[in-house]
Amino acid sequence: MAEHHLNNEKPIFDKPKVELHVHLDGAVRIETIIDVAKRRGIKLPAATVVEMTHLCTLREPATLTQFLDKFKQYMHVIAGDRKAIKRIAYEFVETKAKEGVIYVEVRYSPHLLANRNVDPIPWNQKEGDVTPDEVVKLVNQGLKEGEKAFKTKARSILCCMRHMPNWSMDVVELCKKYRNEGVVAIDLAGDESLNCENYPGHVKAYEEAIRSGIHRTVHAGEVGLPSVVREAVEVLKAERIGHGYHTVKDQALYSELLKKNMHFETCPISSKLTGACDPDFCKHPVIRFKEDKANYSLNTDDPLIFNSTLETDYQTVKMYMGFTEAEFIRVNINAATSCFLPEKEKKDLLNELYGAYGMVQNTSF
């Protein structure tokens, strides 16, 4: 995906950045989709980059169904193809390096990119020979090669899907198997109305993650009620919350999480286009997080679907939410402090940021 800015001036925050919430399958380049479709002999609904971009992106706030429909336009092209899976991981690191990101955690569901040992096989694919395990290997290779080429450190988070509890134990086992090869955490994504008490498969997987020392994040409070956030924290023992905007509607829970220094992975442009928040950015919960000095980060979520870059998210919060350079520094330090790297690597990352920001190391962060 070509990087674009709202204007052509230099970036709003022209210093190293950290990103913690971005989906690999929502960050594919349109050019790559067209290229892979051609190689695989798959007919796309549109032939040009402009037309495909139009089909794959949202321009107005949408429903969950409309949002998920965008993935159906192209996921069948990438899924089940070894070269394509490795390529999107490699290109992802290149894109992030261009955006000034020095450390990124990228997430994906291994099952949604597979076509074997997965029930049901996604995207109407025929059964093939790419298993979820092999997907993880391929993504790890792509990220590793990207890191070497572009000097941006990339790690991954494996997603369980709320509507597919039968995949979740597989996911935690893959987290354990590849924990020394780039996989740093487990996530739970999908329709928040499917709460965990009715889907014990997720609870079991997260209990295993806790037992095995696997880091945990959960999509919660994006479009769902604060009770989903409470469940993520109390039942799944989440260490970070994906989005979390609606937490502010439950003052007791919000205060509790502020005290705990819980990290919220916020995605401003995403939250408008998915209908998660009021489309008026001036009323966004991130403003509350900022005022309360909450522990949160700024992220893109699905830059392909939102036709955005990290720069457009930064421009948006500066323009509508009163962000200053000091707040950009604070959220990036927060992101580094809350990342899932081992302690020694986390310390190195923080030191790199302190150096770039001209700060004396401050142990109060």
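Modeller: Keep in mind that this is a predicted model. Let me start with helices H9 and H10, whose axes come within 11 Å and cross at roughly 40°.

Biologist: What is the handedness of the crossing of H9 and H10?

Modeller: The crossing of H9 and H10 is left-handed. Pro226, Val229, Arg230, Val233 and Glu234 from H9 meet Leu253, Glu256, Leu257 and Lys260 from H10. By class, this contact of H9 with H10 divides into 5 nonpolar, no polar and 4 charged residues.

Biologist: Which residues of H9 are buried, and what covers them?

Modeller: In H9, residues 226-234, the buried ones are Pro226, Val228, Val229, Glu231, Ala232 and Val233. Their cover includes strand E5 (215-220), strand E6 (240-243) and helix H10 (251-260).

Biologist: Ile241 sits in strand E6. Why is Ile241 called buried?

Modeller: Buried means under 20% relative accessible area. Ile241 has 0% relative accessibility, so Ile241 counts as buried.

Biologist: Which residues is Ile241 in contact with, leaving aside neighbours within four places in sequence?

Modeller: The contacts of Ile241 include Val229, Ala232 and Val233, along with Thr217, Val218 and Ala220. Met262, His263, Phe264 and Glu265 are also in contact with Ile241.

Biologist: Now to another pair. What makes H7 roughly parallel to H8?

Modeller: The axes of H7 (residues 168-177) and H8 (residues 200-212) come within 8 Å and cross at roughly 15°. Angles under 35 degrees count as roughly parallel, and therefore H7 is roughly parallel to H8. The crossing of H7 and H8 is right-handed.

Biologist: Which residues of H7 and H8 meet?

Modeller: Ser168, Met169, Val172, Glu173 and Lys176 in H7 meet a set in H8: Gly201, His202, Lys204, Ala205, Glu208, Ala209 and Ser212. Sorted by class, the contact of H7 with H8 has 4 nonpolar, 4 polar and 4 charged residues.

Biologist: And how do H5 and H6 cross?

Modeller: The axes of H5 (residues 82-98) and H6 (residues 132-150) come within 7 Å, crossing at roughly 35°. H5 passes H6 in a right-handed crossing. The contact of H5 with H6 has 12 nonpolar, 3 polar and 6 charged residues.

Biologist: Which elements do the buried residues of H1 pack against?

Modeller: H5 is one of them, together with helix H2 (49-56), helix H4 (75-78) and helix H13 (303-306). The buried residues of H1 are Ile30, Thr32, Ile33, Ile34, Val36 and Ala37. Just after H1, Gly41 takes a positive phi of about 70°.

Biologist: On to the cysteines. How many disulfides are there?

Modeller: The count comes to 0 disulfides. Cys159 is in no disulfide, and its nearest cysteine sulfur, that of Cys160, is 7.8 Å away. The cut-off for a disulfide is 2.5 Å between the sulfur atoms.

Conventions: Residues are numbered from 1 along each chain as its sequence is written. This is a predicted model: local features need pLDDT of at least 70, side-chain atom pairs count only at pLDDT 80 or more; totals for chains, interfaces and linings use all residues. Side-chain values use heavy atoms; hydrogens and water are left out. Axes are lines fitted to C-alpha atoms, for helices over the stretch in contact, and angles run from 0 to 180 degrees between N-to-C directions. Helices (H or I, at least four residues) and strands (E, at least two) are DSSP runs, numbered from the N terminus. Angles under 35 degrees count as roughly parallel, over 145 as roughly antiparallel, 65 to 115 as roughly perpendicular and the rest as oblique. A crossing is left-handed if the near helix is turned anticlockwise from the far one by less than a right angle, and right-handed if clockwise. Contact means heavy atoms within 4.5 Å. Ala, Val, Leu, Ile, Met, Phe, Trp, Tyr, Cys and Pro count as nonpolar, Asp, Glu, Lys and Arg as charged, and the others, Gly among them, as polar. Buried means under 20% relative accessible area, exposed over 50%, partly exposed in between (1.4 Å probe, protein chains only).
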